Amino acid sequence: NWGLQIGGDLLGYSNPYTEGFVARLRSAKRFRGGHEIALLIGGRLYSNKIFDDVDDRNDQWIRLAGWLELPYSFFARAEFEYSNGDDIQGQRILLSVGYRI
């Protein structure tokens with residue numbers, strides 16, 4: 001038993017300017033003390049409703065994320081993302097530290 005959490009979602013949307021959907025798949029492993037590591041895969045496909053001559057746009061990403069519970073109600077979070085598509089490209093690293101009240 002690996003104790004993995006697996007989930008996904010599909011979100012469709014429409015507004016006066018665009019319509020499309022976002023799909024995501026997430027797998028995570030929680031450890032003692034509340035620490036967690038997760039792998040997220042996602043994609044987005046949308047079309048422009050105003051300009052007919054604009055092609056559909058799509059983007060894909062994969063993220064490796066970690067969550068650490070720290071002493072005194074602090075926590076740390078880190079994400080590495082690789083993105084590819086029409087609107088987003090390249091790598092991104094997000095680091096944060098937070099405090100719970």
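Is E36 buried or exposed? At 14% relative accessibility, E36 counts as buried. The close-up views below come from a predicted model.

**View 1. Six strands make up an open sheet.**
The strands follow the order β1-β2-β3-β4-β5-β6, and their pairing is antiparallel. At the edges lie β1 (4-14) and β6 (90-99), each of which pairs on one side only. From one strand to the next, the twist averages 15 degrees. Strands of a sheet pair through backbone hydrogen bonds, in either a parallel or an antiparallel manner.

**View 2. Strands β1 and β2 run antiparallel and are joined by 11 bridges.**
The view includes D9, whose bridge partner in β2 is R24. Strand β1, residues 4-14, is one of the edge strands of the sheet. Strand β2 covers residues 18-30.

**View 3. R26 and E36 form a salt bridge.**
The closest N and O atoms of this pair are 2.6 Å apart. R26 belongs to strand β2 and E36 to strand β3 (residues 36-48), so the pair, 10 residues apart, links distant parts of the chain. R26 counts as partly exposed because its relative accessibility is 31%, whereas E36 is buried because its value of 14% falls under the 20% cut-off.

**View 4. E36 also meets the side chain of R30 in a salt bridge.**
Here the N to O distance is 3.1 Å. R30 has a relative accessible area of 45% and is therefore partly exposed.

**View 5. R44 and D59 are joined by a salt bridge.**
Their closest N and O atoms lie 2.7 Å apart. This pair too links distant parts of the chain, with R44 in strand β3 and D59 in strand β4 (residues 57-69), 15 residues apart. With a relative accessible area of 26%, R44 is partly exposed. D59 counts as buried, at 1% relative accessibility.

**View 6. A network of salt bridges links R44, R57, D59 and D87.**
The network includes the R44 and D59 pair of the previous view. Side chains of opposite charge can pair when their charged atoms come close.

Note on methods: Residues numbered from 1 in each chain as written. Predicted model: local features only at pLDDT ≥ 70, side-chain atom pairs only at ≥ 80, totals over all residues. Heavy atoms only, no water. Salt bridge = Lys/Arg side-chain N within 4 Å of Asp/Glu carboxyl O. Helix = DSSP H or I, 4+ residues; strand = E, 2+ residues; numbered from the N terminus. Buried < 20%, exposed > 50% of the residue type's maximum accessible area, 1.4 Å probe, protein only. Pairing = 2+ DSSP bridges. Axes fitted to C-alpha atoms, helices over the stretch in contact; angles between N-to-C directions.
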